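Please open the model in your viewer and keep the selection tool at hand. This tour goes stop by stop.

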Amino acid sequence: MTLETALARTARACTALGAVALVVMMLSTDYDVVARALFSKPLNGAVDIVEMMVLCSAFLGLPEICLRDEQIRVDVIDSFLPPRALAALKTLALVATIVFMALLAANVTRPMIDSWRFGDIKPDTGFPTYPLFALTLFSLIAAMATTAVVLVRSLRTKPTANS
Amino acid sequence: MTTTTIGIIGLAGLVVLILLRIPVAVALGLVGFLGYAAIDGWDRANLMVSGVPVEFASTYTLSVVPLFTLMGAVAASAGLSSDLFHAGRVLFRGARGSLAIASIFASAMFGAVCGSSVATALTMSRVSIPEMLRAKYPPQLAAGAVAAGGTLGILIPPSLILMIYAIIAQQSVARLFMAALIPGIILTVLYSITALIYYRWLTNNAPEPQGALGPQDTLVRSFARIWHVILLFAVTLGGIYFGWFTPTEAAAIGALGAILLGLVLRRHTISDTVGCFFETISLVSSLVFIVIASAVFSYFVVQTGLSSQLIGAVKGIGLGAIGVIVAVCVLYIVMGAFLEGIGMMLITVPITLPLILSFGFDPIWFGVLLVILIEVGLIHPPMGMNLFAINAVSKEISIFDIYKGAAPFLIAPLLLIVLMIAFPQIVLWLPAQLH
């Protein structure tokens with residue numbers, strides 16, 4: 001198995017985990033509403049669960065989006081540029097993406113360590129918060145890796161009028 | 001270098017980077033970080049960035065975005081659009097331009113369960129454009145009606161753009177949804193009137209072609225086929241209005257309801273449902289990444305003090321409230337020609353919202369105005385995303401015909417903006433009635 005295939009599978013697995021987080025978010029909220037309305041017994045920590053799951057579903061999708069190069073961008077310039085210039089801009093965009101993600105990843109490390117050291121927890125469930133920072137860090141690193149795959153792929157491909 | 005100069009360079013740099021096809025999130029984040037560092041130093045900039053990803057991606061308000069997006073994805077996968085279009089055809093049977101009006105009606109109904117404009121335009125173009133072309137409708141009318149109808153997807157709640165606005169402007173999602181409802185209905189009517197007039201103009205008032213509807217296609221039967229759409233809309237929006245649910249709870253109930261209805265009515269399979277979850281995760285990740293980057297950019301904009309300087313400058317030249325709102329509208333319409341809607345909103349709101357508030361306008365009212373201005377950008381060239389969506393699906397209509405067809409429909413949102421400025425209660429009355 002090549003590194004590229006391994007990264008593609010990791011990215012897919014991350015998206016699948018994000019989908020699971022979305023299922024948990026939906027079902028826990030639905031259970032909370034029904035249990036509160038019918039039995040006056042709301043789900044303890046429903047807000048905490050939703051907050052944690054929204055973070056999971058948001059970050060775990062990043063590696064696959066980066067692998068497919070599907071970030072939201074304005075491509076109005078594409079039709080005005082020759083293939084070489086367009087390829088150069090695409091490369092620049094990929095490098096900028098890696099730089100920004102590296103910036104975020106480097107800066108998430110400190111609050112993650114602080115959260116672990118001081119034992120920060122979510123208020124209702126008592127769940128420690130450092131795993132949330134760790135998951136964010138992991139997703140950003142995985143997204144950087146998948147962006148690097150796209151970058152290498154684009155550098156190997158010779159620019160053509162259709163690329 | 002003054003902070004104002006840094007701010008102006010930052011804004012100009014941001015627009016250039018976005019036009020050079022750097023992803024919107026990356027451009028916002030890098031300019032925000034570098035600009036902040038130029039003003040306050042690297043240490044403070046690093047400290048600012050360190051808290052943003054987890055803090056912004058784990059807010060309860062943000063959860064409405066994935067849940068309502070899931071509901072929309074399931075609705076699109078369940079093929080509701082053809083039933084909605086059929087109901088519209090029966091409702092407007094016999095009227096001139098009835099197919100175009102039915103398409104707008106179906107788009108409005110589809111927008112009530114799907115918060116995306118492009119998704120609405122894509123879905124409706126697959127269903128209604130072939131029918132209109134078969135009935136010998138002018139291609140530009142067919143394209144224009146679908147492009148315009150698609151914009152209703154982001155105005156009629158649940159709206160993805162309104163959810164993002166609620167997060168960055170720290171406004172109530174529930175109030176914004178209620179505020180957009182009446183303008184959404186008015187815009188549907190205005191688009192329908194435009195379609196009627198446009199049909200008469202293009203066909204020299206020709207009679208409506210005989211359609212494929214039979215005597216068995218009654219209004220009751222047609223609406224019986226879309227009861228689940230009406231139910232979903234009534235439960236989610238009704239629940240928010242009557243205070244039974246928070247927007248997140250309404251979204252969770254709507255998403256589960258859409259999945260269960262789709263499975264029970266055999267509109268989609270388990271595997272389709274799983275696909276909807278994956279599709280939602282991809283979209284949500286892109287959006288949340290932009291929201292995180294825009295938070296970094298907002299911190300920079302606050303540091304530059306550009307908003308307060310702009311307010312001072314505008315008050316200095318004696319521009320009144322109406323003058324300011326007209327200038328803001330012109331700015332957004334021009335920007336909409338080049339920038340994508342969410343990006344445009346995230347770049348500008350940190351600067352324009354304080355300006356608008358300083359002139360006594362309501363932030364909820366401004367949110368709805370902003371969505372309508374983004375709608376205009378969706379159907380005017382060269383960046384009209386809905387026009388490209390139609391072009392991708394309906395290859396038989398040239399992009400020039402699509403541009404031409406959408407042009408008359410631009411009058412409707414502009415007229416709605418005038419109405420909203422003259423009568424702000426169109427927007428503000430319903431949220432004031434919230435339980």
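Is A:Glu51 buried or exposed? Select A:Glu51 and look: with a relative accessible area of 16%, this residue is buried, because the cut-off for buried is under 20%. Keep in mind throughout that this is a predicted model.

**Stop 1: a salt bridge in chain A**

A:Glu51 and A:Lys122 form a salt bridge, with their closest N and O atoms 2.9 Å apart. A:Glu51 sits in helix α2 (residues 46-59) of chain A, while A:Lys122 sits in the loop between α4 (83-118) and α5 (130-156) of chain A, so the pair ties together parts 71 residues apart in sequence. A:Lys122 is buried too, with a relative accessible area of 8%. Over all chains, the structure holds 14 salt bridges.

**Stop 2: helix α1 of chain B**

Select residues 3-19 of chain B. This is helix α1, with 17 residues. At 1.5 Å a residue the helix should span 24 Å, and its end C-alpha atoms are 24 Å apart, which agrees. Next, colour B:Thr4, B:Ile6, B:Gly7, B:Gly10, B:Leu14 and B:Ile18, the buried residues of α1(B). They cover an arc of only 160° around the axis, which puts them on the same side of α1(B). What do they pack against? Show α2 (24-40), α14 (270-304), α15 (306-316) and α17 (341-358) of chain B: these are the partners. Then step to B:Arg21, which follows α1(B) and has a positive phi, near 60°.

**Stop 3: where the chains meet**

Show both chains. Chain B brings 54 residues to the contact and chain A brings 55 residues. Between them the chains bury about 4,900 Å², with 78% of that on carbon and sulfur atoms. How many salt bridges does the rule find across the interface of chain B and chain A? It finds 1. Zoom in on B:Glu249 and A:Arg36, which form a salt bridge with their closest N and O atoms 3.0 Å apart. On the side of chain B that touches chain A, α1, α2, α3 (42-57), α4 (64-77), α13 (247-264) and α14 each supply at least two residues. α14(B) gives the most, with 14 residues.

**Stop 4: around B:His228**

Select B:His228 in helix α12 (residues 227-241) of chain B. B:His228 is buried, at a relative accessible area of 5%. Leaving out residues up to four places away in sequence, B:His228 touches B:Leu80, B:Leu261, B:Leu265 and B:Arg267.

Follow B:Arg267 onward. B:Arg267 forms a salt bridge with B:Asp83, their closest N and O atoms being 2.5 Å apart. This pair links distant parts of the chain: B:Arg267 is in the loop between α13 and α14, B:Asp83 in helix α5 (residues 80-91), 184 residues apart. B:Arg267 is partly exposed at 28% relative accessible area, whereas B:Asp83 counts as buried at 7%.

**Stop 5: a bridge within one helix**

Select B:Arg134 and B:Glu131. Their salt bridge has its closest N and O atoms 2.8 Å apart. Both residues lie in helix α7 (residues 117-134) of chain B, 3 residues apart, about one turn of the helix. B:Arg134 counts as exposed at 57% relative accessibility, and B:Glu131 as partly exposed at 23%.

Key. Residues are numbered from 1 along each chain as its sequence is written. Chains are lettered from A and ligands numbered from 1 in the order in which they are written. This is a predicted model: local features need pLDDT of at least 70, side-chain atom pairs count only at pLDDT 80 or more; totals for chains, interfaces and linings use all residues. Side-chain values use heavy atoms; hydrogens and water are left out. Helices (H or I, at least four residues) and strands (E, at least two) are DSSP runs, numbered from the N terminus. The expected span of a helix is 1.5 Å times one less than its number of residues. Buried means under 20% relative accessible area, exposed over 50%, partly exposed in between (1.4 Å probe, protein chains only). The arc is that of the directions from the helix axis to the C-beta atoms. Contact means heavy atoms within 4.5 Å. Buried area is the accessible area (1.4 Å probe) that two parts lose on being put together, summed over both. A salt bridge is a side-chain nitrogen of Lys or Arg within 4 Å of a carboxyl oxygen of Asp or Glu.
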